[in-house]
Amino acid sequence: MLYSLQSTNLFILSLLAYVIGAVLGPILAPRKAPASSAGRRLAGYAVTAVFLVSAIASLASLVASYMVLSSRASVDVSPFPLTPFGHLTFRLDPLSAFFLLVISLVGFAVSIYSLGYARSFLFKRHVGLLLFLHNSFLLLMTSVVTVTNGVLFVVVWEGMSIATYFLITYEHESQPSRRAGFLYIAMTHVGTFFLILMFLTLFSHSRSFDFDSFRITASAMPWGSKTLVFFCALIGFGIKAGVIPLHIWLPEAHPAAPSNISALMSGVMIKTGIYGMIRVFFDFLGTGLPWWGFAVLILALGSSVLGVLFALMEHDLKRLLAYHSIENIGIILMGIAVALIFHQAGNDGIAIVGLVAALFHTLNHATFKSLLFLSAGSVVHSTGTRNMEELGGLIKRLPYTATFFLVGAVAISALPPLNGFASEWLTFQAFFRGFDVAELSVKTAMPISMALLALTSALAAACFVKAFGITFLGTSRSRHVQDIHESPWNMLAAMGLLAAACLFFGIDPSLVISRLQPVADFVLHRNPSGALSVDVARSISANPTVNEAPVLVAVLLLGIAAIAIVAIVVLRGNRRSRVVPTWACGLEGLAPRMQYTATGFSKPIRMIFSSVFRPSREIDVREPMSPYFKPTIRVDLKTEAIFDTHVYRPLMNSVLAALRVLRKVQTGHIQSYLAYIFITLIVLLWMAL
Amino acid sequence: MDQTVPYLIDLLAAAILVTTFLIVSSRSLIFYVRLFSLQSIMLGAVALLVVIGYGETHILVSVVLTLLVKAVGIPIVLSRLIDRIKVPKEIDFSVNTTISLLVCGFLVILANSVAEPIISSRPVSTAMVTKVLPISISVMLIGLFIMTSRRKAVTQIIGLLTMENGVFLSGLSITSGMPMIVELGIFFDILVAALILGVFVFRINRTFETVDSDTLRRLRH
């Protein structure tokens with residue numbers, strides 16, 4: 001009792017703190033620099049104070065959600081008993097608490113990071129607006145995962161989308177930002193349309209918008225309605241999650257926002273889509289049709305493989321990370337697909353493994369992706385460019401940022417002992433277990449999925465070799481890299497926190513898994529004290545392949561490394577080493593332009609997957625006037641955005657063509673508009689007779 | 001009750017319908033405005049008869065306002081407008097007179113059949129409702145038709161005002177006058193609408209050298 005009381009208070013505290021932060025931000029942060037230096041310093045302190053408020057808010061909800069997760073009991077919070085919508089109740093059930101934990105963990109780190117980040121453009125940009133949006137964004141995300149009413153859900157969902165829109169267009173003077181914002185708001189409205197349709201379908205059977213009533217009636221709905229709800233949820237939440245082919249807004253929007261916000265969007269916001277899917281697929285609908293799981297699986301595989309392939313072709317650091325978000329959403333969805341397939345088949349043992357894998361990867365992706373975005377933010381912040389081809393050699397100037405980026409890169413490449421490996425391994429486990437099932441469709445789908453997941457991980461590793469190597473290693477490629485310095489300590493502290501989390505979740509995954517299993521039990525409506533549950537718990541946590549594997553593999557790898565070092569030492573004997581310039585094939589010295597480029601690095605993959613990329617090359621050679629000058633050669637290399645050119649353009653063109661026909665109704669005559677009214681009235685009266 | 005008052009109301013209502021038909025068939029702008037004025041006077045007379053015959057004294061205010069605003073005020077404003085904008089005083093039709101009259105005849109029939117269920121559903125159908133309600137609906141529909149089928153902006157104002165007269169008449173017929181506050185609201189509305197539309201027409205004329213609202217088409221991009 002005391003336990004739940006405390007988490008309730010902490011949750012209310014965090015909501016209040018977000019509201020206070022959102023209100024105080026625009027009041028305290030001046031748009032123009034005050035004349036006196038004391039005033040400027042004061043404004044700086046004010047910004048710091050507001051970000052500290054949001055950090056406290058996130059910390060409070062982090063603790064609250066952790067308490068709920070540990071106590072395994074749902075907690076209802078009604079801070080405002082009387083609202084126009086009736087009772088405004090937030091509920092921290094295990095699923096909500098888990099997603100709240102993810103939101104608050106990343107929110108805390110990002111708030112700390114923003115202390116330093118936002119102060120750098122204080123007085124240059126509207127920091128008050130950023131403070132307001134940052135706090136409202138966190139508040140609305142918290143609400144999205146905790147409200148218990150369909151109408152309220154749509155309201156806070158839309159609020160979250162609108163806050164995101166303004167964050168994407170924060171640098172509103174740049175045309176790409178505005179374009180990205182428009183694309184985002186258009187796509188997210190399509191998604192909201194489907195969500196409203198979904199809630200109305202649910203409502204038509206339960207006659208109430210309460211989540212509790214959905215839980216009771218939705219599983220007994222006719223299959224037609226169930227399938228409609230399933231598809232609406234898949235599309236509506238899929239757009240927010242960035243599932244291919246609904247992803248087109250994501251690689252535009254995430255880079256456009258300020259880097260601290262990109263971390264929140266990519267790390268957390270797209271996860272609200274995952275939250276919605278789990279809530280609807282399992283909590284509301286219960287069991288589904290057999291092919292639902294396969295539909296999700298196909299989307300998941302497509303998203304992960306294509307996402308990482310597109311990422312490989314990107315030279316914009318933040319866009320590359322954005323494409324990796326699509327890939328990782330695909331991996332999360334794989335777990336959900338496995339859970340759907342096996343829950344439907346009644347094999348909850350495997351379903352729980354799949355669901356735990358999905359949840360675990362959600363947490364892991366949130367930590368390492370926000371870590372990567374924050375360190376990419378540091379790079380962009382100090383160099384002023386996002387183009388990798390203009391960077392290089394940053395490890396010497398930004399040693400800490402480079403280290404943190406490397407930790408994130410290793411985690412996202414699913415290498416032990418970091419957390420990315422732990423959850424992808426668990427996903428593999430789910431596939432492996434599915435292989436034992438006799439049913440032919442499952443028996444064929446599982447190995448294929450496994451192979452594609454392996455391919456994805458390998459390509460992701462290749463991509464991050466490129467991202468890290470080109471950005472941080474070698475020598476600097478342009479003047480952007482001159483005169484730069486490491487980020488302030490609070491930015492580094494935030495990255496350090498996330499890096500520590502990556503390491504912690506990776507080294508001891510059983511700790512996380514044991515907390516996640518009750519969540520999966522809750523989602524699948526299973527009695528946590530049931531016999532099967534205990535059995536699954538044992539099979540997960542007592543199974544050495546799941547639990548000990550990361551440590552085991554890490555030990556193995558370290559062993560191999562040790563053997564290699566010993567071998568090198570032995571083979572080298574005691575020859576002395578000399579320090580000399582790098583051999584440049586006999587040429588005079590090395591120029592930065594001679595380095596391996598990102599384009600060059602990704603060439604083999606571009607060739608192998610040319611059917612996906614459709615690369616085209618234009619070479620323009622200008623012969624010089626006189627033989628004493630070299631010819632100028634311009635090479636233009638393009639890869640095609642296949643979804644843009646083959647799906648969205650034709651779709652948009654046909655919609656516009658249809659609208660052009662409809663536009664004939666708009667004649668411009670007042671009389672015809674009046675005539676429309678007149679004719680409608682007459683027809684209606686006629687029909688009423 | 002004396003049968004004279006309902007009889008007179010029926011007669012005046014019929015006369016109002018006739019003026020509406022005259023508006024449809026007329027060719028001169030000034031004549032339009034005068035006919036509207038006449039129509040409003042008759043409407044005021046109907047309202048006055050309702051006061052006398054049914055003892056609804058609060059309608060007296062409406063009577064005064066109808067006569068002041070609709071029978072005198074708005075016609076004066078519109079006549080001055082027509083003088084000032086110096087446009088050809090003839091009316092441009094998009095539907096010619098003959099067809100217009102035929103359509104209006106059809107509208108009256110429609111209005112009668114629409115009013116039928118309303119009349120029969122009333123427990124005590126007074127003479128006033130049975131005769132006046134169909135007429136008032138006809139006047140509304142014809143007003144809308146005038147707005148639709150005439151080109152000049154001034155004629156559209158007249159159409160709107162005619163519609164409003166129809167609304168007022170139906171209010172009288174069904175409920176013996178709407179609540180005072182609604183009546184006042186409507187009067188204020190119609191006055192402001194007429195004034196604003198008048199200014200609007202004047203501006204259109206200044207900008208486009210015509211009050212033919214067809215030219216507003218150019219605003220479409």
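Colleague: Buried or exposed: how does A:Phe472 count?

Modeller: A:Phe472 counts as buried, because 25 C-beta neighbours sit inside 10 Å. The cut-offs are simple: 20 or more other C-beta atoms within 10 Å of a residue's own means buried, 12 or fewer means exposed, and anything in between is partly exposed, with C-beta atoms placed from the backbone. One caution: this is a predicted model, where local features need pLDDT of at least 70 and side-chain atom pairs count only at pLDDT 80 or more, while totals for chains, interfaces and linings use all residues. For the names, residues are numbered from 1 along each chain as its sequence is written, and chains are lettered from A and ligands numbered from 1 in the order in which they are written.

Colleague: Which helix is A:Phe472 found in?

Modeller: Helix α17 of chain A, residues 440-472. Helices here are DSSP runs of H or I with at least four residues, strands are runs of E with at least two, and both are numbered from the N terminus.

Colleague: And what is A:Phe472 in contact with, leaving aside its neighbours within four places in sequence?

Modeller: A:Leu394, A:Ile395, A:Ala402 and A:Phe405. Contact means that the C-beta atoms of two residues, placed from the backbone, lie within 7 Å. A:Ile395 is 77 residues away along the chain from A:Phe472, yet their C-alpha atoms are separated by 4.8 Å.

Colleague: Helix pairs next. At what angle do the axes of α15 and α18 of chain A cross?

Modeller: Roughly 30 degrees, and the axes come within 10 Å. Helix α15(A) covers residues 399-412, and α18(A) covers 489-507. Axes are lines fitted to C-alpha atoms, for helices over the stretch in contact, and angles run from 0 to 180 degrees between N-to-C directions. So α15(A) and α18(A) are roughly parallel to each other. The labels go by angle: under 35 degrees is roughly parallel, over 145 roughly antiparallel, 65 to 115 roughly perpendicular, and the rest oblique.

Colleague: Which residues of α15(A) and α18(A) make the contact?

Modeller: From α15(A), A:Tyr400, A:Phe404, A:Val407, A:Gly408 and A:Ala411. From α18(A), A:Leu492, A:Met495, A:Gly496, A:Ala499, A:Cys502 and A:Gly506. By class, the residues of this contact of α15(A) with α18(A) are eight nonpolar, three polar and no charged. Ala, Val, Leu, Ile, Met, Phe, Trp, Tyr, Cys and Pro count as nonpolar, Asp, Glu, Lys and Arg as charged, and the others, Gly among them, as polar.

Colleague: How do α2 and α3 of chain A cross?

Modeller: Their axes come within 8 Å and cross at roughly 160 degrees. That makes α2(A) roughly antiparallel to α3(A). The residues of the contact of α2(A) with α3(A) are 18 nonpolar, ten polar and one charged.

Colleague: What does the domain assignment of chain A give?

Modeller: Domain 1 is 1-137, domain 2 is 149-286, domain 3 is 306-569, domain 4 is 596-638 and domain 5 is 643-688. Such bounds come from an automatic or database domain assignment.

Colleague: How many residues of domain 1 of chain A are in contact with domain 2 of chain A?

Modeller: 15 residues of domain 1 of chain A, and they meet 19 residues of domain 2 of chain A. On the domain 1 side, α3(A) gives the largest share, ten residues. That side of domain 1 of chain A has twelve nonpolar, three polar and no charged residues.

Colleague: Now the backbone. What is the peptide bond from A:Ile244 to A:Pro245?

Modeller: It is cis, with omega near 10 degrees. A:Pro245 lies in the loop between α8 (223-241) and α9 (250-256) of chain A.

Colleague: What is phi of A:Arg207?

Modeller: Near 55 degrees, a positive value in a residue other than glycine. A:Arg207 lies in the loop between α6 (175-206) and α7 (211-217) of chain A. A:Arg207 is exposed, with 8 other C-beta atoms within 10 Å.

Colleague: And phi of A:Ala414, what is that?

Modeller: Near 60 degrees, also positive in a residue other than glycine. A:Ala414 is in the loop between α15 and α16 (419-434) of chain A. A:Ala414 counts as buried, with 26 C-beta neighbours inside 10 Å.

Colleague: Last one: how many helices and strands does chain B have?

Modeller: Seven helices and zero strands. Of the 221 residues of chain B, 41% count as buried.
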